[in-house]
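Have a look at the structure first, then at the points below.

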Amino acid sequence: MLKEIYVCATCHTAYPSTPDIWRCPCGGLLKIEWEKPTFSKKEIQNELPGMWRYVKALPFHPQCSVSEEITMGEGYTPLVPLSQEDPHTFVKVDYMMPTLSFKDRGAAVLIAKAKEWGVKKVIADSSGNAGTSIAAYAKRAQIECDIFLGKGTSPKKIAQISAHGANIRMVDGTREDVAKKAKMAVQQEGSFYASHVFNPYFHEGTKTYAYEIWEQLNNIPDTLIIPVGNGTLLLGVYQGFCELLAQGLITDFPKIVAVQAENCAPLAQAFHEQRLEIEATQNKGTIAEGIAIAAPERAKQILQVIKQTNGYIVTANEQEIKEAHTALAAKGFYVEPTTAANYAAYLKHQKTTTQERIVLPLCGAGLKAV
């Protein structure tokens, strides 16, 4: 029988893994601990769709079939060379997902767990992509869903969330104000907080990005370049590589280069000042709305991961993001501005050798943007 527990990253108190808790009373963030079975390429379930080929590395009871009820084939996205001129740089086309963003990885696992627990209603807050993913999978799982959004959210993302039948609750304020309103509703209504920021089951989904790269390259890249707001992809990727390392399937970590928009870069500022704590930052406005997070809750974890992998943080200004968007489109990839920021950072990256293998995610489709 699979036994999962939550452990506070701050005070190390352990709690049963249930839908009733999303943060430790001390204020600390939670992580999941469970006895992971031995994993190797022999355990890859090739007959299962998408990322569920790694189901033996995911925290579900072996007899649980809930993933089969909600999956829409998310994951196992193409990993292709950026161009013929740059054959050692690969893009992972994560916008080829059911709701057109990488957030489907985390949402599929999180909602599958909620379904397994018998949850009847979920609440989430989002800048857009996580909201569309949670809304879509909640609808498929027949779970009621409320999504809190800021009034500056892309109209196309709002329309997508609405199409999935979620109850949209608009908030006039910053991204942090949106999160506060959602937390208040969770407390008042006693609903499950399907937060891509706080709920560690979301990272169990995004870690499959690392598993897929490992399988597709038959190794690890030298460098990963990842856009970072709340860090859900970066932290999941790091967790995935930690698990592969613990199983003896890889021998080292790739360098992780994080990307922020210059107009909202609290992590970059802290990193360059050699701090593990961020200072209050004002979002000056950026078209890369997916990473416009002025106060990331998991900032310390993100900064630690970047340091541990000998990585760094780079920023991109608005003009660079726009130019990168145009350049990617010329290569055949039509992405949203957040992903374009990632490519802008890649153009600034100083390769260690001409053979350096680099992977960057194409996180969201351009059709989702304004």
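Cysteine 8 is buried, because its relative accessibility is 0%. Cysteine 242, in contrast, is partly exposed, with a relative accessibility of 28%. Keep in mind that this is a predicted model.

**Cysteines and disulfides**

- How many disulfides are there? The count comes to 0.
- For cysteine 8, the closest cysteine sulfur belongs to cysteine 26, and the gap is 3.6 Å. A disulfide needs the two sulfurs within 2.5 Å, so the sulfur of cysteine 8 is too far away for a bond.
- Cysteine 242 has its closest cysteine sulfur in cysteine 8, and because the two sulfurs sit 19 Å apart, that is too far for a bond as well.

**The largest pocket**

- The volume of the largest pocket is about 860 Å³.
- Its lining is made up of 28 residues. Nearest the centre you'll find Ala9, Lys31, Arg298, Gln301 and Gln304.
- What kinds of residues make up the lining of the largest pocket? They split into 11 nonpolar, 8 polar and 9 charged.

**Where the lining comes from**

- Four elements each put at least two residues into the lining of the largest pocket: strand 3 (30-34), helix 6 (201-206), helix 8 (232-246) and helix 10 (299-308).
- Which helix gives the most to that lining? That's helix 10, with 6 residues.

Methods
Residues are numbered from 1 along each chain as its sequence is written. This is a predicted model: local features need pLDDT of at least 70, side-chain atom pairs count only at pLDDT 80 or more; totals for chains, interfaces and linings use all residues. Side-chain values use heavy atoms; hydrogens and water are left out. On a 1 Å grid over the protein atoms alone, a cavity is a set of points where a 1.4 Å probe fits but cannot get out, and a pocket is an open set with protein on both sides within 12 Å along at least five of seven lines; lining residues have an atom within 4 Å of a point. Grid points are joined across faces, edges and corners, and a volume is the space filled by probe spheres set on the points. Ala, Val, Leu, Ile, Met, Phe, Trp, Tyr, Cys and Pro count as nonpolar, Asp, Glu, Lys and Arg as charged, and the others, Gly among them, as polar. Buried means under 20% relative accessible area, exposed over 50%, partly exposed in between (1.4 Å probe, protein chains only).
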